[in-house]
Amino acid sequence: MPRTARIRSSTDMYHVIARGINKEPIFKQKREKNNFIRLLLKHLKDRDIEIYAYVIMSTHFHILIHVDLKLLSNYLAIVLAEFAEYYNYKHNRNGHVFQDRFKSECVETEQYFWNCLRYIHMNPVNANLVNDPLNYDFSSLKEYETEKSKIIHPKAIKIYKSKFADFEDYFDFHNKGAKHVFIDIPEEVEMQLLKAAMTILKQEAHLCGMEGPYEIIEDRKLREQYKVRLRKELKLTKAKTDRLYLDVKSCIIGK
């Protein structure tokens, strides 16, 4: 069966993710993460590529990248192949290291760009690896803090400084909630959906002048309106909306 063609972004900006085969922690050790970062940097040379954010987790990675679609495929094919060779040699194994081909989504708007960048930097916090994203060594957030670009493009620093008053303002932005759901490993997509649904519930309670979000759950008309909004804003099927609502209800009132 032929592969589905990738969708070309009108902005040439993409959010990219790839995960280890069979959910294996292919970046479990620090030197594996460092090796992957070294390969990202090595193959940036002499290529018209701009990286704006990245994070290397134990089982997968995220990159926010500005590049022509054909060059994107070429760049990642080389990086992933070299890492696979290194990983197989290091662990005395053969075969695939990454699960299928990498996934990509188009980043078409400025709002989506900033929310995606924030999501990438907050991955270690959302995965309960650290409480403070600055304490995670394998993401681009520290490059923004120090204003010393290693992997990220110098334009990334320039754009960040034009939008935020200082790094403290930029860091505060990372702690704000978001309703976007980004491509990720399945478990983290479910977590994103729940967080987005909770954000929408709190907004509904505030708009209705409620004391707390539990009042939306307890009122039949309001909870049905809430479910309609969930389905529309998160682009869910009715069945998925109903399942997500039950998860939200469980979080709010424990039933």
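Six bridges join strand 2 to strand 3 (residues 60-66), and the two strands run antiparallel. Two strands are taken as paired if DSSP finds at least two bridges between them. Helices (H or I, at least four residues) and strands (E, at least two) are DSSP runs, numbered from the N terminus. The model is a predicted one: local features need pLDDT of at least 70, side-chain atom pairs count only at pLDDT 80 or more, and totals for chains, interfaces and linings use all residues. Residues are numbered from 1 along each chain as its sequence is written, and side-chain values use heavy atoms, with hydrogens and water left out.

Confidence is given as pLDDT, the predictor's confidence in each residue, from 0 to 100. The protein averages a pLDDT of 88. A score of at least 70 is reached by 92% of the residues. Strand 2 (residues 50-56) has the highest confidence, at 98. Helix 7 (residues 186-207) has the lowest, at a mean of 78.

Four strands form an open sheet in the order 2-3-1-4, with antiparallel pairing. Strand 2 and strand 4 (103-106) are the edge strands, and each pairs on one side only. Neighbouring strands of this sheet are turned by 15 degrees against each other on average, direction ignored. Axes here are lines fitted to C-alpha atoms, for helices over the stretch in contact, and angles run from 0 to 180 degrees between N-to-C directions. In general, strands of a sheet pair through backbone hydrogen bonds, either parallel or antiparallel.

Strand 2 passes into strand 3 by a hairpin of three residues. Across this pair, Tyr54 stands opposite Ile63 of strand 3. Strand 2 is mostly covered, with seven of its seven residues buried. Buried means under 20% relative accessible area, exposed over 50%, and partly exposed in between (1.4 Å probe, protein chains only).

Strand 1 (residues 13-19) pairs with strand 3 in the antiparallel sense over seven bridges. His15 has Leu64 of strand 3 as its bridge partner. Ala18 stands opposite Phe61 of strand 3. Strand 1 also pairs with strand 4, again antiparallel, over four bridges. Here His15 stands opposite Glu105. Seven of the seven residues of strand 1 are buried. Both of its faces are covered. Met13, His15, Ile17 and Arg19 lie on one side, and Tyr14, Val16 and Ala18 on the other.

Helix 3 (residues 110-126) lies across strand 1, strand 2, strand 3 and strand 4. It runs at about 30 degrees to strand 2. The axes of helix 3 and helix 6 (residues 167-174) come within 9 Å and cross at roughly 80 degrees. Helix 3 is therefore roughly perpendicular to helix 6. Angles under 35 degrees count as roughly parallel, over 145 as roughly antiparallel, 65 to 115 as roughly perpendicular and the rest as oblique. Helix 3 contributes Trp114, Asn115, Leu117, Arg118, His121 and Met122 to the contact. Helix 6 contributes Tyr170, Phe173 and His174. Contact means heavy atoms within 4.5 Å. The residues of this contact divide into five nonpolar, three polar and one charged. Ala, Val, Leu, Ile, Met, Phe, Trp, Tyr, Cys and Pro count as nonpolar, Asp, Glu, Lys and Arg as charged, and the others, Gly among them, as polar.

Some single residues were also examined. Val79 is found in helix 2 (residues 69-90). Val79 counts as buried because its relative accessible area is 0%. Leaving aside neighbours within four places in sequence, Val79 is in contact with Phe36, Leu39, Leu40 and His43. Val79 and Phe171 are 92 residues apart in sequence and 30 Å apart in space, C-alpha to C-alpha.

Asp132 has its place in the loop between helix 3 and helix 4 (141-146). At a relative accessible area of 27%, Asp132 is partly exposed. Asp132 touches Val125 and Phe171, not counting residues up to four places away in sequence. Asp132 and Glu50 are 82 residues apart in sequence and 26 Å apart in space, C-alpha to C-alpha.

Two loop residues other than glycine have a positive phi. Asn22 has a phi near 55 degrees. Its place is in the loop between strand 1 and helix 1 (30-42). Asn22 is exposed, with a relative accessible area of 61%. Phi of Lys235 is also near 55 degrees. Lys235 is found in the loop between helix 9 (220-233) and helix 10 (238-253). Lys235 counts as exposed, at 72% relative accessibility.
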